[in-house]
Amino acid sequence: MFHQFSATAESLSKASSLVLRIGTDAHLYDDPDDVSIGPLLESRFDSEKVDALKRLLALLAQGSDVSQFFPQVVKNVASQSLELKKLVYLYLLHYAEKRQNEALLSINCFQKDLSDTNPLVRAWALRTMAGIRLHAVAPLVLRAITKCARDPSAYVRKCAAYALPKLYDLHHDEDNSSFEELVDILLNDHSPGVVGAAAAAFKSVCPSSLFLIAKSFRRLCEILPDVEEWGQIVLIEILLRYIIARHGIVKESIMFSLSTMSTTPVADGFPTFSGTSGNCQTLVGTTCDVNMITLMCKSYIDGQIECFAQTGCSNSNDDKLDLSLTSSTNDDVVMLLRCTSPLLWSHNSAVVLAAAGVHWIMAPRENIERIIKPLLFILRSCQASKYVILCNLLVFAKAVPPFFSQYYEDFFVCSYDTYQIRALKLEILSIIATESSIPIILQEFQDYVKDPDRRFVADTVAAIGLCAQRLPMVASACLEGLLAITFYESSLSSSSQIDGEAGVLVQAIMSIKAIIKQNPDSYDRVIVQLACNLDRIKIPAARALVIWIIGEYSVIGQIIPKVVPSILNYLAWSFTSEEPDTKLQILNTAAKVLLCAQGADSLAFRKILSYFIELAKYDINYDNGRMHHEPGGKILNGKMHSSISSTKSSRIYLPGSLSQIVLHAASGYEPLPKPCSLLNTDLTAGVVNETNDSDISSGSSIEESGSVYDSDHSSISSDDGNESVNDSNDTESTALAVRNDVQDVREKTLVDVSNVNVCVDDSNENTKGNLSAFISTDLAELMPKLALESWLDEEPGVSSIQTTQQASSGRISINNLNCTVTPKLHSLLDPTTNNGLRVEYAFSYEISTISSMLVLVEIFFENCSSEPIKNIALKDGESSLSVESSDQVLGESESLLRTANVPPVLSTEEIASLDPGQRVKKLIEIRFPHHLLPLKLAVTCNGKKFSTKLWPDIGYFLKPLSMNTSAFIDHERQLPGMFEYSKRCTFKDHIEKIAPVKDDSSIHSDKIILLSQILASKVLSNCNVSLVCADIPVSFNIDDASGLCLRFSGELLSNSKPCLISILVEGKFSEPLVLTVKINCEETVFGLNLLNRVAAFLQ
Amino acid sequence: MLQCIFFLSDAGEVMLEKQMTGHHVDRSICSWFWDYVLSQGGDPSMILPVIASPTHYLFQVFRDGIVFLACTQVEMPPLMGIEFLCRVADVLTDYLGGLNEDVIKDNFVIVYELLDEMMDNGVPLTTEPNILREMLAPPNIVSKMLSVVTGKNSNVSTKLPDATASSIPWRKINTKHSSNEVYVNLVEEMDAIFNRDGILVKCEIYGEVQVNSHLPGLPDLTLSFSNPSILNDVRFHPCVRFRPWEADQILSFVPPDGEFRLMSYRVKKLKSTPIYVKPQLTSNAGHSRISVLVGIHNDPGKTIDSITVQFQLPLCVSSANFTPNHGTVNILADKTCRWSIGQVPKGKSPCLSGNLVLEADLEKLHVFPVFRVGFRIMGVASSGLQIHRLDVKNTPSEPYKGFRALTQSGEYEVRS
């Protein structure tokens, strides 16, 4: 019933929208090419030309290339109709660079328009002329800009300023003077709008020519509030750079005061400093902000080293100090601060942030607080700005937490916030918490713990840990709360395996660990409590952590040493049922306990340890790869978040910059200029020498201070994370040594065990010096260079390996295994739409011998009617276009495809007649314009023509590339980073096929082979690649398919670049599996599209 | 500078591309972007606004089902990009009378022309709605009909707006009006958070002073409040002069013509809210009961209408049924429940009760939903902000002045 209602509602809304669409350009967007555009452009009537141009614009909007109309469009540039002109300009700007020669035709008209009486016409002509990017006319454009820069209309002058960067981008030589001259003229314009535009031009044309600002600095400051908002953003930045370069850092500013405190603890040399030093002391009292600020200054300013070198030695010489520093009473500084402060009220958040940035860097620190409230107010604008502001606030808050401590309410998380915003808010909250606000903040955190978003809950738990470390007074309260969460979560997670649940528990224990680490002696009870609840904690990673804690603190306090033996006994009892990573930690802990043990105990511990090792030997027989891989991997995963944030937090860029958001220097990012690098002509040349001298003299003191920041700057939880692994690495070397022996033995006896080792290269890259890397290198040597083929050869039932491509590539013979590769049939022409001819197509696995651009397609013609069909032929649908224009199309695509002379379809001969019911197969070769875009085709039969579209399948733009496993891994290594993309999807198809197979250990291997067959046939049916190998794991769990990895390789038809596909399986046979599809390919776009396609057909 | 702007539908279709500079950006960036969206859960409103793709930095703003995507390769203030995209969305909403996929496609020519005026070479050019309106006539019913009848359809002005040259670019030079009136409207949104113990954690007002002015000539207005000290934060339209505000907290301005947002403000630390919502969840042995009570707390003196309560059931709830004693409950596909109450009836307080069936192996609920509350009160500015007087100078005759107020819920949520 509801369906009906909704259907009516839908049709109603459609009808109403239809009414609303009358008089709009809707029909043009929907069917831009339903009439022939060429003749319309030649029409005598402006209205028809406008119509044609709108159609072209619609095609352009939809991504079609309509540059073939360029010659016809460019003629209309002379039109008197402004609307037509506007549309022509829109078109010209899009295509002119591609069609340089034809575009030259328009130049005369622009020249004429430039002297038109209507300023709008002049402005448009200038904008377009500068925008079409013709090298040949660059001198003309420069002349036009020079002329327009003195135009009576402010709008035209503004456009002249906008045109400067365009010209500069197109063509500039060493001699920048003509540009600078024009910028200078425009900067001195009396109209605020022009000044704003000139500022933008200044920034892109001559950003370092700050001397241009010098003479008009005060006027620019005064005009600043009247400049348009966008101009304000740029102008503020320029003025700030000027001040720094001209006058240096302000003595009273936060940048200077605190950094010198840290570099030169004896601040007696500064007479002006005493006034504020009291305040500074209170700031220094709060932890770690000094390092943060020093780091910040270092990052903000170019050549910062020199600047601090000067201050470092300035104790002895006050004169020098004055050269690189200025005081807040400097007129220019006062002026800039005064003129930017009302901008904190701007309704444009970018202006607010730019103005706030100036105050942050220049203002005396007691006046900085005025920027906090306006910044916080931006949090109430759109979500997107919220994120950017929070990223900037995070840096400010880290530098000076007290500024924000009273505004903690603004960082409370609400349900409207996205996950990233929540994470930032949590981080800020944990930084700004003070002794008075922490009870309220913790209360708030307690609410968050029950949030449905478990990722967020895990972050909250981490934040609680951070708060406890920062404010020791609440540590025990936090610890209690964390323990409660631990026990609560562990009781839950046993019953439900909801995603993310495990993360909360692991994070909780990690936070506990971090708190304990601060003061282990006072928390021995907590450790005992954790240990006693060990059997309730079911998640392996969490268990492993608790066991690690026990091992680490086994000699702390009175109680623990007493419980340790019974814990070890308990672990000995449970060892065999533990997950591999837990086992590793048990070994680790046993070894640690043994090392610390004395006297009689040590004997007992030695026994236990050797028992463990004995068990481990037996254990390793089953699963060596997992044993070695997952412990390091999983524990690291849990800590990934915090460790990433800590490495990134050391990267600081100017407030409000893009680089600060993406945390790397974007191209074009410039730190502030070196203080006092701009020397006025008044300043004598001697000054330069002096500064240089001081640089050299105090180089050493800087390096010292530099090292201080570097070493002391990583958040506590993260270095714990590494440490835990490193520790275990060190202490358990004995245990490992034993195991290595075991492995050697194993290698000889067990040849048929395959190891899954897909993440070898990852771990090698990322985890330098930690456990998993250590082990993986170990493994690489030990591992037999296995693969499916070696294994299949021994299995009588599966041994037949088809040799379509190459036997050695291990392509499974799917015919023999009763699951055929079935290329999908797609319908090209439906019998109902014509006289009964059905045309279908399927992609062929064969490779064209004519050109690498061609894809082979099998076409099936079938007569579904009762009468014979005559003269069936297949043609390229585009051939209706005029010969000339199609030539042009080809000419355009030539550069891309390099095969201009290959027509889109190499058609086959005509089928003279097709009897009823008859089915004929033809093979044609097609050159698709793009791997996603369809090719228009026309089927003619009985003299009629039916147009249709043939959709490409991206999987057939490949050809098989046979290689062995090691070659595959080599190739994979060569295509890291941006050439590697992965995606997860769920796979269900196997369930009904595998379900009938009984759960029996002997059939386990069959199941996994069956699964690999299903997956392989799925891939091979949809992509023209070859199977490299299928790595099959042998696991304890019969029902577990995790670790199965299939690898396929192919190369791109067009350029023979390799394209690697790997599919990693996780999950159980009886349930939908999670597949991680990974593609390594140099052609990013192709690879991503292929990835989507693979994920789509696997799903 | 922005190199290119794309408009994408919420299904990932590229509706429009506008290259801003000579360095063209290939469309494939959109498919990269969409893959990124899908990998993040498929909801464009939940992804980062600034993304570093392998080739470009992307700024994205999601509004009314449309993704506004801008690309750049060089350093520029990200807020500038985001703010510009928001401005584009605002201007388009204003021009097209709303924003959705169809309306963009139907008016793509105007969208192109607007984008071309709003940005040149990747730098914002003219974003002032008043000037834009003079350069490009918005499509309205009259022009649409005219175009159907006459076949002519030109919305491009042949004249440069005078305001481009004036020092007050937001206002036309010679505005002639038959009407002589100005309306001031206080629109406030109440943000509040109640914690799981039912205690008000945070309550503040985000308000806007919206002015609709139809005054001839160059009027000079002054607006003052009786209690400006309660304002915690303020932001102004460019027309507001800073000095009088700094000195006396008086808004002095030459208004643009038509509707605009004169000022936005925030009043923090309010002590009470007009309505209460009390959710209660109890659970044991696989079954949970939920009950939500709604009532009026501190009667604001005007009717509270459009009351809604919305919450999302936790994923572990497999089925639920609700019985309200007033209003209707809708359960959407993503387990979002929306209880529309309307007004609180006299003599009974609305109550929603229901049973939740948890997934098989769960004993009790361990995550709890957040209840979002919506309401509206006409005629009340909950912050208590009062307009003292509005003086209009420089007009031939005394204009009509109208004042209104409205409070509605903003980010108002009750945790359970």
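In chain A, 71% of the contacts with a separation of 6 or more are between residues 24 or more positions apart, where a contact means heavy atoms within 4.5 Å. The structure is a predicted model, in which local features need pLDDT of at least 70 and side-chain atom pairs count only at pLDDT 80 or more, whereas totals for chains, interfaces and linings use all residues. Residues are numbered from 1 along each chain as its sequence is written, chains are lettered from A and ligands numbered from 1 in the order in which they are written, and side-chain values use heavy atoms, with hydrogens and water left out.

Chain A contains 49 helices and 17 strands, these being DSSP runs numbered from the N terminus (helices H or I, at least four residues; strands E, at least two). Of its 1099 residues, 58% count as buried, a term that stands for under 20% relative accessible area, with exposed meaning over 50% and partly exposed the range in between (1.4 Å probe, protein chains only).

In chain B, five strands form an open sheet with antiparallel pairing, in the order β2-β1-β5-β4-β3, two strands being paired if DSSP finds at least two bridges between them. Its edge strands are β2 (14-19) and β3 (50-52) of chain B, each of which pairs on one side only. The twist averages 20° from one strand to the next, with axes taken as lines fitted to C-alpha atoms (for helices over the stretch in contact) and angles running from 0 to 180 degrees between N-to-C directions. Three bridges join β3(B) and β4(B) in the antiparallel sense, and Ala52(B) stands opposite Tyr57(B) in β4(B). Strand β4 (residues 57-63) of chain B also holds Phe62(B), which is partly exposed because its relative accessible area is 29%. Leaving aside residues up to four places away in sequence, Phe62(B) touches Asp10(B), Pro44(B), Ser45(B) and Val67(B).

Helix α4 (residues 108-118) of chain B is largely enclosed by the rest of the structure, because 11 of its 11 residues are buried. Among these buried residues are Phe108(B), Tyr112(B), Asp116(B) and Glu117(B). Asp116(B) and Glu117(B) also belong to a network of salt bridges that links them with Lys86(A), Arg127(A), Lys166(A), Lys18(B) and Asp120(B); a salt bridge is a side-chain nitrogen of Lys or Arg within 4 Å of a carboxyl oxygen of Asp or Glu.

Over all chains, a search of the whole structure finds 56 salt bridges. In one of them, Asp417(A) pairs with Lys425(A), their closest N and O atoms being 2.7 Å apart, and both residues are buried. The side chains of Asp233(B) and Arg266(B) meet in another salt bridge (2.9 Å, N to O), a pair that links distant parts of the chain, with Asp233(B) in strand β11 (residues 233-236) and Arg266(B) in strand β13 (residues 258-267) of chain B, 33 residues apart. Asp233(B) counts as buried because its relative accessibility is 5%, and Arg266(B) counts as buried at 3%. A further salt bridge joins Arg376(B) and Asp305(B), with the closest N and O atoms 3.6 Å apart. Arg376(B) lies in strand β21 (residues 370-378) and Asp305(B) in strand β16 (residues 304-312) of chain B, so the pair ties together parts that are 71 residues apart in sequence. Arg376(B) is partly exposed, with a relative accessible area of 31%, whereas Asp305(B), at 15% relative accessibility, counts as buried.
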